[in-house]
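Have the sequence and the model side by side. The walk below goes from the sheet to its loops, then to the helix pairs.

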Amino acid sequence: MSSLRLLLGLIPSTSKIEQAEKALVDEFEKLQAFTKSDLLAKYTKLHDLVNSSSFVQKRKEIESLKYKGSEEFIKEKEFLSLQKAKDLLMYFKTISGTMLKRFRDLDGSQKIRDFEELESFIKSNAFRQKQKMKPITFKDSDEYRRFLEFKSLKSDPEIKAFVKSPSSVAKSKTVQRFEELDKFIKSAEFLAKKNMRPITFKDTEEFKKLLEYNRQKESLDIREFYKFKSSKEYANFLNIDGSARLARYNELKDYVATPLFKEKKNYLLDSKRFEKTEEFKDLREYEKLKKNEDIIWYFKVKDLNKFDVLKTKELTFADDFEGDRLDTKRWLTNFYWGDKLLKDNYSVENDLHSYTEKDNFEIRNSLLKIHTKPQRITGKVWSPTTGFITREFGYTTGLINSGKSFRQKYGVFSAKIKLGNPAARNNFWMLADKSTPHIDICRTSNNKVWTDFVADPGRFSKSSIGPRYANDFYIYSLEWTQDKLVWKINGVEIFRQTSNIPQEPMYVLLAGGLDKPISGMTTMEVDWVRVYQVN
């Protein structure tokens, strides 16, 4: 069915797909934002509150309250009991004294941190081992081991031949190592190390730290600090300070001192007392929020499965080609291995074009244009049989790839592209570290648009659609999972592969080019490139 739709051009329009996707993303972002909104948080909190059994019970309690046995009566009794408690009395005596202040001034200070760091070090196994250290001599050093390696290499036949006639012996790794060690053996650094005197524990930084630790341990500040830290007053302070018990005491102390405490008596005699409570205000606010348009919309759409496609995708690579030049942190303007090893552009045997670094790129109005144009130029060609050779080309074009900045195994690889002349070879494809696997997400050639998969030089599969799809913008995508590859155009499947699926990270490439001559210039236009990881 999809083949017939592709043949007849009956696929969703690119603009409608983007509009629908934008609308879905906008609504999803609105949903996500609203999920974190204060309004929803308030509603949820109130909903849980007013529908809780405790709220219902509270209402019953308020409406049936009497002063004797009331919350106010119980709170006052609790406060008087706390006011006489020994632990609280000791706490208030401690915080009004001077010892706590002096302790706090030192607690967490650099002085204490330095002391405790020293103490931890002095008690460590590493320090104890250092105390037991034997004198360190030259023969214990890495320099001595390198000296022995040098002496050993001198007797190596290859090294002897090199020393006798350096120019006639290729510099193998062994020779290079010998030269490196020879230079080191003659250095002032090595000679100084060779003449070193034995190092004992008293020569170490550890010994200096031991002396400093003993000095600090006997200081008045340190002794008083740790004495107070181990006292019952401080233990009681830690137990009470910041505790629910102290908070409760302060809460009750403040409460019984307020006019509210006295007013509550009269309130308890009022038959409409519930309507004067905070609970009643919460109930009224909740009923108001239930009618809020945003709240109603949220509960209507929050569980719709139309958002599932966004929840499972994470954008991992993207370029919308904003600005006026190519982002060279994302893209190489060369083949990956050409940049890494050759440090130059090159073409392959069947190419009629030479790749340039910048002359064939244009970015304007958020579009990347890769121009393939007639131009006489000399460039390199790679041939599996002859290697790199120089050749004259009649055309130039451009190539970009993410091989240095981004690679990914599995996911959705997509781009919005106007391929241009279907007789040219404009291409959006993927590679790994070798020439295969090779995946053409879309390319033009022989007046068609192709999708290709080369698992290795002996296994090749492809499919094509009509040239109409080269003359306008379409969204080409590859959905890659562990067990299949699916090519799509505007969401309609073109082709799928279920065997020999790549299992290594790959990167994306975009390029113009020709394998047959054409007249004039052709341009491939790219609106955006996006890669997603599917969870």
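Two strands pair if DSSP finds at least two bridges between them. Helices (H or I, at least four residues) and strands (E, at least two) are DSSP runs, numbered from the N terminus. This is a predicted model, in which local features need pLDDT of at least 70, side-chain atom pairs count only at pLDDT 80 or more, and totals for chains, interfaces and linings use all residues. Residues are numbered from 1 along each chain as its sequence is written, and side-chain values use heavy atoms, with hydrogens and water left out.

Start with strands β9 and β10. β9 covers residues 427-431 and β10 covers residues 438-445. The two run antiparallel and are joined by five bridges. Trp429 faces Asp440 of β10 across this pairing. The loop between β9 and β10 holds Pro437. The peptide bond between Thr436 and Pro437 is cis, with omega about 5 degrees.

Now widen the view. β9 and β10 belong to an open sheet of six strands, ordered β7-β16-β9-β10-β11-β12, with antiparallel pairing. Strands of a sheet pair through backbone hydrogen bonds, either parallel or antiparallel. Which strands stand at the edges? They are β7 (399-401) and β12 (459-465). Each has a single partner strand, so one side of each is left without a neighbour in the sheet. On average, neighbouring strands of this sheet are turned by 20 degrees against each other, direction ignored.

Follow the chain out of β10. Asn447 sits in the loop between β10 and β11 (448-456). Its phi is positive, near 60 degrees, in a residue other than glycine. Buried means under 20% relative accessible area, exposed over 50%, and partly exposed in between (1.4 Å probe, protein chains only). Asn447 counts as partly exposed because its relative accessibility is 44%.

Lys343 also has a positive phi, about 55 degrees, although it is not a glycine. Lys343 lies in the loop between α22 (336-342) and β2 (347-348). Its relative accessibility is 62%, so Lys343 counts as exposed.

A hairpin comes next. Strand β14 (residues 485-489) and strand β15 (residues 492-497) run antiparallel, with five bridges between them. Lys488 is set opposite Glu493 of β15. Two residues separate the strands of this hairpin, and Asn490 in the turn has a positive phi of about 50 degrees.

Then look at Ala415, in strand β8 (residues 411-418). Is Ala415 buried or exposed? Its relative accessibility is 0%, so Ala415 counts as buried. Contact means heavy atoms within 4.5 Å. Leaving aside residues up to four places away in sequence, Ala415 touches Phe428, Tyr474, Ile475, Tyr476, Trp528 and Val529. Ala415 and Tyr91 lie 69 Å apart, C-alpha to C-alpha, and 324 residues apart in sequence.

Turn to the helices. Axes are lines fitted to C-alpha atoms, for helices over the stretch in contact, and angles run from 0 to 180 degrees between N-to-C directions. Helix α5 (residues 71-83) packs on helix α17 (residues 244-256) at about 120 degrees, with the axes 9 Å apart. That angle makes α5 oblique to α17. Angles under 35 degrees count as roughly parallel, over 145 as roughly antiparallel, 65 to 115 as roughly perpendicular and the rest as oblique. α5 passes α17 in a left-handed crossing. A crossing is left-handed if the near helix is turned anticlockwise from the far one by less than a right angle, and right-handed if clockwise. On α5, the contact residues include Phe79 and Leu82; on α17, they include Tyr249 and Leu252. By class, the contact of α5 with α17 has six nonpolar, one polar and seven charged residues. Here Ala, Val, Leu, Ile, Met, Phe, Trp, Tyr, Cys and Pro count as nonpolar, Asp, Glu, Lys and Arg as charged, and the others, Gly among them, as polar.

Helix α8 (residues 110-122) packs on helix α14 (residues 205-217) at about 125 degrees, with the axes 10 Å apart. α8 is therefore oblique to α14. The crossing of α8 with α14 is left-handed. Among the contact residues are Phe115 and Leu118 of α8 and Leu210 and Tyr213 of α14. This contact divides into six nonpolar, one polar and seven charged residues.

End on Glu116, in helix α8. Glu116 counts as partly exposed because its relative accessibility is 32%. Glu116 touches Tyr226 and Lys229, not counting residues up to four places away in sequence.
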